[in-house]
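Here is a friendly walk through a protein model and the ligand that comes with it. Have the fold open in your viewer, and we will go through it piece by piece.

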Amino acid sequence: MTAVSSTHLVLIPSYNPGPLVYETVHAARRFWSPVWVVVDGSSDGSAEGLRAMAAQDEGLRVMVLAHNGGKGAAVLHGLEQAAAAGFSHVLTMDSDGQHPPECIPAFMTESSRQPAAMILGVPLFDASAPSLRVQGRRISNGWANLETLWAGIGDSLFGFRVYPIAPLRRVMRDQRWMRRFDFDPEAVVRLCWHGVRPVNLPASVRYYRPEEGGVSHFRYLRDNLLLTWMHTRLFVGFVWRLPVLLARRARSRS
Ligand SMILES: Nc1nc2c(ncn2[C@@H]2O[C@H](COP(=O)(O)OP(=O)(O)O)[C@@H](O)[C@H]2O)c(=O)[nH]1
Ligand SMILES: [Mg+2]
């Protein structure tokens with residue numbers, strides 16, 4: 001049964017996602033209302049296709065941005081609209097069928113139980129996961145855990161998460177990065193620094209082959225450079241905050 005909420009919505013940033021987007025949005029709607037999609041300057045006809053779906057469905061809203069600004073920028077656009085409409089939390093989810101829509105209710109329930117926390121998906125990979133991506137993840141997770149003094153981030157990169165809107169908007173307004181693929185890891189580290197506790201829940205992830213409709217906009221060189229620069233600035237921020245983080249950890253242990 002579809003759950004209807006006035007506090008929590010599903011937010012799907014989308015850029016040239018391929019044909020799996022329709023099934024993805026449809027499946028999210030089966031489990032939740034409302035679902036919002038931010039189409040981020042896509043040129044593949046998905047804006048028109050999604051708008052046609054929304055015209056038949058009150059629980060679905062489609063926002064179309066004229067120019068591609070990146071995943072983080074699209075999420076921020078959705079956050080601003082969600083806050084204006086009175087929502088307190090968003091569950092972010094990829095548009096390309098890789099994330100499990102059937103996990104939406106459990107993640108939302110956990111967030112309602114712990115509204116000050118962020119609920120982080122921890123990916124359960126199957127054999128379809130490229131080993132280079134799985135290894136890259138370990139490196140990013142190692143850095144994120146150091147940068148937060150092991151505050152409990154289960155996975156730094158997985159985009160299937162529930163965020164409290166207010167602190168995430170504050171974090172994003174304070175700086176100009178986090179607008180592209182640096183969004184997910186930087187959000188989780190900065191929110192930890194702001195005292196938002198991570199709660200980890202497992203969630204399956206699937207990698208589709210191109211012939212199955214799989215599309216990825218992650219470019220190894222460009223985006224690994226972006227993530228390296230991101231961890232560089234986070235590390236500098238970590239060193240600067242170290243006394244505060246140590247004091248907080250000592251308090252929580254005592
Ligand atoms: N709004 C927006 N979303 C993007 C952009 N690039 C990727 N995404 C979305 O972010 C999610 C993950 O991107 P994807 O290319 O599938 O990366 P991968 O799953 O890490 O290989 C998908 O839902 C994409 O539609 C972008 O430039 N803008
Ligand atoms: Mg993907």
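This is a predicted model: local features need pLDDT of at least 70, side-chain atom pairs count only at pLDDT 80 or more; totals for chains, interfaces and linings use all residues.

Residues are numbered from 1 along each chain as its sequence is written, and chains are lettered from A and ligands numbered from 1 in the order in which they are written. Helices (H or I, at least four residues) and strands (E, at least two) are DSSP runs, numbered from the N terminus.

Now widen the view from that pair to its strands. β2 and β4 run parallel and are joined by five bridges. Both belong to an open sheet of seven strands with mixed pairing, in the order β5-β4-β2-β6-β8-β7-β9; two strands pair if DSSP finds at least two bridges between them. At the edges stand β5 (60-65) and β9 (198-205), each with a single partner strand, so one side of each is left without a neighbour in the sheet. On average, neighbouring strands of this sheet are turned by 25 degrees against each other, direction ignored.

What does β7 do in this sheet? Strand β7 (residues 118-125) pairs with β9 in the parallel sense over eight bridges, and L120 stands opposite N200 in β9. With strand β8 (residues 161-164), β7 runs antiparallel, joined by two bridges; here I119 stands opposite V162 in β8.

Next come the helices. Two packed helices are described by the angle between their axes and the distance between the axes. Axes are lines fitted to C-alpha atoms, for helices over the stretch in contact, and angles run from 0 to 180 degrees between N-to-C directions. Helix α1 (residues 20-31) and helix α2 (residues 46-55) have axes that come within 11 Å and cross at roughly 30 degrees. The two are therefore roughly parallel to each other, a term for angles under 35 degrees. V21, Y22 and V25 of α1 make the contact with S46, G49, L50 and M53 of α2, where contact means C-beta atoms, placed from the backbone, within 7 Å. By class, this contact of α1 with α2 has five nonpolar, two polar and no charged residues. (Ala, Val, Leu, Ile, Met, Phe, Trp, Tyr, Cys and Pro count as nonpolar, Asp, Glu, Lys and Arg as charged, and the others, Gly among them, as polar.) α2 also lies across β2, β4 and β5, running at about 155 degrees to β5.

A second pair is helix α7 (residues 183-193) with helix α8 (residues 220-253), packed at an angle of about 5 degrees with axes 11 Å apart. P185, E186, V189 and W193 in α7 meet L227, M230, L234 and R241 in α8. Six of the residues in this contact are nonpolar, none polar and two charged.

Two loops deserve a look. N16, in the loop between β2 and α1, has a positive phi of about 35 degrees although it is not a glycine. In the loop between β3 (32-33) and β4 sits P34, and a cis peptide bond with omega of about 5 degrees joins S33 and P34.

Which residues are closest to ligand 1? Among the 17 residues that surround ligand 1, the closest are Y15, D40, A74, D94 and S216; a residue counts as near if its C-beta atom, placed from the backbone, lies within 6 Å. β2 (8-14), β4 (35-40) and α3 (71-84) are the elements that give two or more residues to this shell. The shell divides into six nonpolar, seven polar and four charged residues.

Notes:
Angles under 35 degrees count as roughly parallel, over 145 as roughly antiparallel, 65 to 115 as roughly perpendicular and the rest as oblique. Two residues are in contact if their C-beta atoms, placed from the backbone, lie within 7 Å.
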